[in-house]
Structures are given as C-alpha cells and as structure tokens.
Amino acid sequence: MCTSIAMKTGDFYFGRTMDLDYEFPTSVVITPRNYPISFRRSSVLRRHNAVIGMAAIKDDYPLYAEAANEKGLCMAALNFPDNAYYPDEEDPRRTNVSPFELILWVLGQCGSVEEARRLLNATHLVSIPFSNELPLTPLHWHIADETCSVTVENTSDGLQLYDNPVGVLTNNPVFTFQLTNLCQYMNLISGYPKNCFSDLKGIAPFGQGLGSFGLPGDYSPASRFVKASWLLLNSVCAKDDPSSLSQFFHLLDSVSVVKGSVLSQQDACDMTTYACCINATRGIYYYKTYTNSQFTAVNLRHENLDAGALRIFPLTVSQQIAWAN
C-alpha cells in the first residue's frame, strides 16, 4: 500500500505515503554528482544528476523508495504484487537493469519525462536481486516532471509506459483499470448538491459536504486512487510554497493509513510510516513520520553537489512540538 501524487502550483511538487506493516531503516539521502553509481549489467555512472530522496543504505548503495533529481524529475516506486514480472532472461538489444536500480538509472541520466521515456524504451528489466538476503520487491513506478506524469509497469506483457493524466498512483490492479474505474465516479461534485432525485418536495441536503457523497473512504488501492485523484483535481491552493506544502500534505493525509485500521494476513498493523513532499523546483525534501507530525526539511542545494560520497540524514522520528509558552 502506498499513494504518490504530482502537483503543480507555482512550483512543482511530488511525494507519497509509505504504507507498510513493518519497519525498515531509511534516511533522507543525497547522491551527489560524482558518487559512482554501479549497475549489475551496465557501466558505472561516474558523473550524473544529483538526487535526493528516501532510501535504505545497503553496502553504501542507496535503495531509493522515491526521489527527485536536481533538474526537477521525480520518481517513486510503489508496491505492485501479483502483477509485477521480472524475467530472468536478458535482452541483448537493450540495456539490462534490475528493478532496484531503476530509480537511479532514470534520475541519474534524465531531466524530463520525455527523456525518461526514451531511456526506458531502450531498457529491459531483468530479475537480479540486490543480494540473497534482499530479494526483489514487486514494484511499479510513477515518474513526473512539472509538465506531465507517466506510470511504468513491467508485467508478463513486458515493460509498459502509460500516460498518467491524473498524476496519482497507488497499487493493484494495473494502471489501466484504475483509470477506467474513475468513470464510476463522474457524478461527484464539490459544490452544494441540487435535487436530481425527483420533483418530490422536501428533499434537501441535511448537512454540508454531501456534494462529495460517494467518494471512497477505505484504504484499498482502487479507493485511494479515486479519492486522491478527485481531491487533487479539485484542489484549490494558492501558488506560494507554504500554501502548496500545506495543501500537498492535506492531500496525502486523506489517504494515510491509521494504525489499527488495516491488518495484514499475518495480523500485523499496516500504517503510513512516513509521508513526503518534494519541492522539485527548489530541491527541498519535506517529510513527516507516523510518530512525528512536524515537517522536517532537507535542501539539496545546501550541499556540495559535486561531492563523491553519499550525504545521509537520519529521520527525526520522535514527536517535535513548538511550545507557545
């Protein structure tokens, strides 16, 4: 479970919720331009775009969950069980890349969605785990810049790139279903409802908010896709950065999972372990965690982007409070 959103106001924003029933160590990580990025079946990228995002560090390698590069291109990996397929066979006509390498493969080299399209059309995803102890996760990806979004899915039919006109991604089923499913909610309105039931007298709204009646409220991927899409596409927000940041986190909060509301098959509590918003225009990564609702920010441009070593910022997970007295 996870939800990613791309939003353009004055600046371009991209972020996601990370919904898990377990915890693993992550940090905000900056990969500077001269950090050598190695790939299992391709040459090392010795100089590349600088990248910032949330990652787990394994053997000095950043395994990004989502990230943005210095040019404003963003990418997130979301769970895609039962549908993701990574073949064992390599393709001699394309560059063979493992799914765990894909975010750095794209963000390290591309500055726009169109550049990412061209690169991915020459890329073949192949089943190469990071290690025996760290197998591959079934994933699909949301890639966005300030002009558009695309969804990348690798199924048994091969690698597919879909235009993503709503700028939202969740999980199963496949993306084409999620778009088709929106047709069931064409009647939703944000305005005060009118009586379309009949000419029967006395039928009137009995409370504010009935215009959005029928908007899904559960945490299933299809429901979160509908809810996040409707709220994003009907969002009213000023174009300044504080207003946009606040609005973006309100959108994420609408689909965030409260601990105890969703249990896994093993009776573990699923929850939104963190939510993030990247101002991709300015290179600022904002996040909050389940246990700390205050925003923490890391600015890509405050660092030496020509460095050769990872810059790691451990998460602030204890609740921070701004006391008024």
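This is a predicted model: local features need pLDDT of at least 70, side-chain atom pairs count only at pLDDT 80 or more; totals for chains, interfaces and linings use all residues.
Now look at strand 5, residues 61-69. Nine of its nine residues are buried, so strand 5 is largely enclosed by the rest of the structure. Strand 4 (residues 51-58) pairs with strand 5 in the antiparallel sense, over eight bridges. Within this pairing, G53 stands opposite A67 of strand 5. The hairpin of strand 4 and strand 5 has two residues between the strands. D59 takes a positive phi there, near 55°.

Strand 5 also pairs with strand 6 (residues 74-79). This pairing is antiparallel too and runs over three bridges. A68 has C74 in strand 6 as its bridge partner. Four residues lie between the strands in the hairpin of strand 5 and strand 6. In that hairpin G72 has a positive phi, near 95°.

Move to the strand 11 end of the order. Strand 10 and strand 11 pair in the antiparallel sense over six bridges. T151 stands opposite Y162 in strand 11.

Which residues of helix 2 are buried? In this helix, residues 113-121, they are V113, A116, R117, L119 and L120. Their cover includes strand 9 (139-144), strand 10 (149-155) and strand 11 (158-163). Helix 1 and strand 8 (123-125) also contribute to that cover.

Finally, turn to E101. This residue is found in the loop between strand 7 (95-97) and helix 1 (102-107). E101 is buried yet has no salt bridge. The nearest side chain of opposite charge belongs to R40, 4.6 Å away. What does the side chain of E101 reach? It reaches the backbone nitrogen of S98, at 2.9 Å. Leaving aside residues up to four places away in sequence, E101 touches S38, F39, R40 and Y61.

Notes: Residues are numbered from 1 along each chain as its sequence is written. Side-chain values use heavy atoms; hydrogens and water are left out. Buried means under 20% relative accessible area, exposed over 50%, partly exposed in between (1.4 Å probe, protein chains only). Lys and Arg count as positive and Asp and Glu as negative; His and the chain ends are not counted. A salt bridge is a side-chain nitrogen of Lys or Arg within 4 Å of a carboxyl oxygen of Asp or Glu. A polar contact is a pair of N or O atoms within 3.5 Å; within protein, one must be able to donate a hydrogen and the other to accept it, and residues adjacent in sequence count only if both atoms are side-chain atoms. Contact means heavy atoms within 4.5 Å. Two strands pair if DSSP finds at least two bridges between them.
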